[in-house]
Amino acid sequence: MRRLLRSRLLWIAVLVLGVAAVLPLWLSAYVLGVLTAGYYFGVFAMSWDLLFGFAGEVNFGPTFLIGLGAYTAAIVNSRLGLGIPWCVLAGVASALIGGLLLAIPALRLRGPYFGLVTLVAVLLLQNAIVIFAGVTGGEIGMTVPDVLSLSAVTNYWYALAFLVICAIILFGLSRSAMGLILQASGQDPMEAQALGFNVTKHKLMAFSISAVFSGMAGAMLAFYMGAASVGTLIDISIAVQIIIAAVLGGRRTILGAALGAVFLIGANELLRPLGQLNTFVVSALALAVILFFPDGLLGHALHRKEAK
Amino acid sequence: MTGPVRLEVRGLTKRFGGLVAVKNLGFDIRAGEILGVIGPNGSGKSTVMKLIMGIERPNAGLVKLEGEDISRWPSHRIARAGIGIVFQHSRPLRRQTVLENIKLALLPDSLWRLAAHPEVDVNARSIAERVGLGAVMDQVPSALSFGDLRRMEMAKAIARHPKVVLLDEPFAGLAAVEVAAFSELIKRFRDEGRAVLLVDHNVKSVAALVDRVLVMCLGENIAEGKAEDVMSSEKVRHVYLGGKLEHVGRREETSNAQEHLLEVAGLGVHYGKAQALEKISLHVHEGEFVSVVGLNGAGKTSLFNAISGLVPYAGEINFRGQCLRSMTAGAVARNGVVQCPETRELFGDMTVRENLDLGGHHLPASSRARQLAWLFELFPVLEERQAQMSRTLSGGEQQMLAIARALMMQPGLLMLDEPTLGLAPVILQQLSSALEKLRKTVKTTILLGEQNVTFALPHADRIYVLEHARIVWEGTPQRFVAEMGAVYFDDTEAHPCADLQ
Amino acid sequence: MVGLQILVDGFAISALYALGAVGFTLIFGVSGVLNLAHGGIMVVAAIIGWFSANELGAGAYSSAFFGILAGLAAAYATYLLVVRPIQRSRAIPKEETEIFVLTGTLLWGIMIQTALAYKFTDNPVTMRPLLSGVVSIAGVRTPRNEIMVAVLCWLVIGLLWLFVNRTRAGKTLLAASMNPRGLTLLGFELSRVHLLAWSIYGVLAGLAGVLLASFLGTGSSNTGQLTASAFSIVVVGGLGSVSGSLVAAYLVGYLETMTAYLLAPTLRPIPALLILVLVVYLRPQGLLGRR
């Protein structure tokens, strides 16, 4: 039965991918731009889902990792003039190190405290960026000399390819033996320990993977936008949107998170004419999802058989 | 044939704050042997399991696995060294199938492995077949019966051929037919050469299954040896029954035989799949003192919680002719059905007086004062310690406070769940005389749930015996003494229970 | 002298923080909720108060009253529309309820913030102080209003203490934070107790918002900062400990004032964050916490 489901999922995914790949033939540069941002956001959300849905840890500050990746890449690019690949690598390294520094002590904490610490990490990063405005451009942000491409279509395909590769890797991980151990660690750490698994080690691994992908996506996004700023990458509202995207799409589905992200970014754009109010509507929508469809779009659609 | 010693425990001690859960415990388990640990509630049995498995760290003493000291190892290392544990409550991965759950138990603790070795699948299937899950391998836990869920837990524990298997209450919640099947399964573990440690409340099933028995009480080893010897020891019977069963005088007043104050019919309670109560029917007359007697796990607390409206149930419960089902738990209490639970549920950081005042909250001020005065007369020690934090009271004082607080509500029916739990014999005397005084001064209807039969007998007008979620006997205290003296230890299949169901 | 200035200003600001934090702790203790819409409730009160004064022409005291009323309404809305439905939802597994409530209140807070910004812009508003004039305390020129804020905060905290520890209704709240099942067994309806807790919280947060508006001014852009301050203080003091919140409020309040005066006003929020990190790692239960 589950094999059938998976292949159905696979065919749908291939179909969606096919459509997405040829969209540039019809859509305007503006819409492509929105989707491009959505795809990067999708990687943010998928990384978050791996940590929450699988390792059972709620990261209230995914933008800490994203910000580290983006800003490090941006600074290395503008100060040291290295090429994009090196800068992205630097961003990933920075996110990984920062993430581990945060996670190693934080994973010792239970429940809401872990979430609080991740939130504090974001606030600290935000303040640090503002304080060291000379290097980071402070609240206004900084521009990045190199960009991925000037063509909207090329950028779109870069983003799509990136999303697909990350999705394959993250989804594959979630279905692997490692994914099974992670699920056990998240759902029932005591039982996982009793079955012989070093839960802390596995959660750190999950955090590292989340950090690597978030950092990479953050760096790529900075090179796409040609700029990095607190408002677009680090602010709490961004963090909330990532969480909402994953919940909207369906916790523990990985692919649902990508769906939720694209949907959310799209909704944000559609509602742009409302001005300030668009955040209100999106938040209200997200709240409604939490109240009435906590399993999310994909979660509902797949009719997961779960014990309540 | 028993083999070499697999597990050694010496001088094991564990304290939780001021409470000593395990005191200087020592025993051995050999390969090919089943050791059963029994004892009343609070004796420390589950803590011992947790200490061996590394879930709790001992304060003193050691645990050796085949000569190696594992007492301070982390759980996962102990598991890999060859100890498997089946917890009291099933802990499946809810979103995975049975097969995947078992595969998990076979996976190595590797960070990098993405694909499991093909052998894992083969092994998992054979293990599933061995424990009897062959037919349901591809189902998710929510679709399984309770018995099958427990089988899956066993499968996970023995997946890597552990040298020692720890079973925490393997029979809890099982239907009678399943108990036999599980006993066979456990015997097979032993015959495969493993050392098996078993903890359970079901003394009869344990006695039939194990090679040796260890009896714990208040954290200490009080008896050890072959099952038959231990079971017939006076000391052990005392621990369970509380003392000699004596004849008691009948109450002078006869109760009103027509009206039932409390009527329970066809009551059933399930926790998930575990069956806590099945087709329970009992009644209490106004002014009666009814004792429900049974061991831990028999279902007394579930009975009280169902009546109080704290857990969902099937069946009918009526009080003064009114159906209690539609009421909230708070409403049930306000209507006169007051429970004094096993855990007492006192407000620890409030004084004795404040606890009592909260009990009398719904009374008008004048009655409250009168009620308080009466209760202080009944329990003088509470008056002395009015201003003391209830958390700092002794066990006996806390129990008296809990009962007094319940009495502040002027209950129509007072339900007491295991008031003697953890109390010393001298306190039990005080409690007993307080109850006697209570019955003499005010016509209170009492439903008492107790494991300690000596305490439950003297004041009772009628007795029900609850065993494994069913009522197996009903009658007067005299008849009880005559017939049920050996109820917990001997085979009691031949009892006339049919007409009670 | 700067030192005395810090002492005086710090005292008033800390008192204000204390008021907000006590409310935050109360809700956590009784309802088990970390309300991330806290700042939103405070700012609603502030803005409605300002609105009644400036646009509707109400007097200083009446507009303060309206502001507090608005805070109460916002608190009820938070509980009845967001918190309680999530807590009672059967579609959410029990272990995840806490996280969902947290996220839900966060979203609700953002909704409040953006709605206020839309209707009233995010410029800070100030309310006319209830007392005018300036006094001199040991050479430091202090507005009378600032003294009043501090006094009022402590008065209310004192009244709350009396309520919880000396009245029968208040003791039910205390009991609920210790042992909700115990209360149910004594015939209390927990739903009523929760409503009482949220009512008190609404008044406290509303008052804190109104006083903040009259003392320093506040606006919708502050909501996040206010929530962050409150939960930092409560975690540092110890979740569930009222005395802990009071101590932590003063610790944070004084550190912030010192930072603002001695280093730079922009660095103001830093000390609280650093202390939070320290506490969470070294003593997660907080200074005086017991949970």
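This is a predicted model: local features need pLDDT of at least 70, side-chain atom pairs count only at pLDDT 80 or more; totals for chains, interfaces and linings use all residues.

User: How do you know whether helix H10 of chain A keeps to the expected span?

Analyst: Helix H10 covers residues 199-225 of chain A, 27 residues in total. At 1.5 Å a residue the expectation is 39 Å, and the first and last C-alpha are 38 Å apart, which is close to that figure.

User: Why is H10(A) called largely enclosed by the rest of the structure?

Analyst: A residue is buried if 20 or more other C-beta atoms lie within 10 Å of its own. In H10(A), 22 of the 27 residues are buried, so the helix is largely enclosed by the rest of the structure. For chain A as a whole, buried residues account for 55% of the 308.

User: What makes the radius of gyration of chain A agree with a compact globule?

Analyst: A compact globule of 308 residues would have a value near 19 Å; chain A has 19 Å, so the two agree. Its C-alpha trace spans about 50 × 45 × 35 Å along the principal axes.

User: Which element gives the most to the side of chain C that touches chain A?

Analyst: The contact joins 36 residues of chain C with 31 residues of chain A. On the chain C side, H4(C) gives the most, with 15 residues. By class, that side has 28 nonpolar, 6 polar and 2 charged residues.

Notes:
Residues are numbered from 1 along each chain as its sequence is written. Chains are lettered from A and ligands numbered from 1 in the order in which they are written. Helices (H or I, at least four residues) and strands (E, at least two) are DSSP runs, numbered from the N terminus. The expected span of a helix is 1.5 Å times one less than its number of residues. A residue is buried if 20 or more other C-beta atoms lie within 10 Å of its own, exposed if 12 or fewer, and partly exposed in between; C-beta atoms are placed from the backbone. The radius of gyration is taken over C-alpha atoms; the globule rule is 2.2 Å times the number of residues to the power 0.38. Two residues are in contact if their C-beta atoms, placed from the backbone, lie within 7 Å. Ala, Val, Leu, Ile, Met, Phe, Trp, Tyr, Cys and Pro count as nonpolar, Asp, Glu, Lys and Arg as charged, and the others, Gly among them, as polar.
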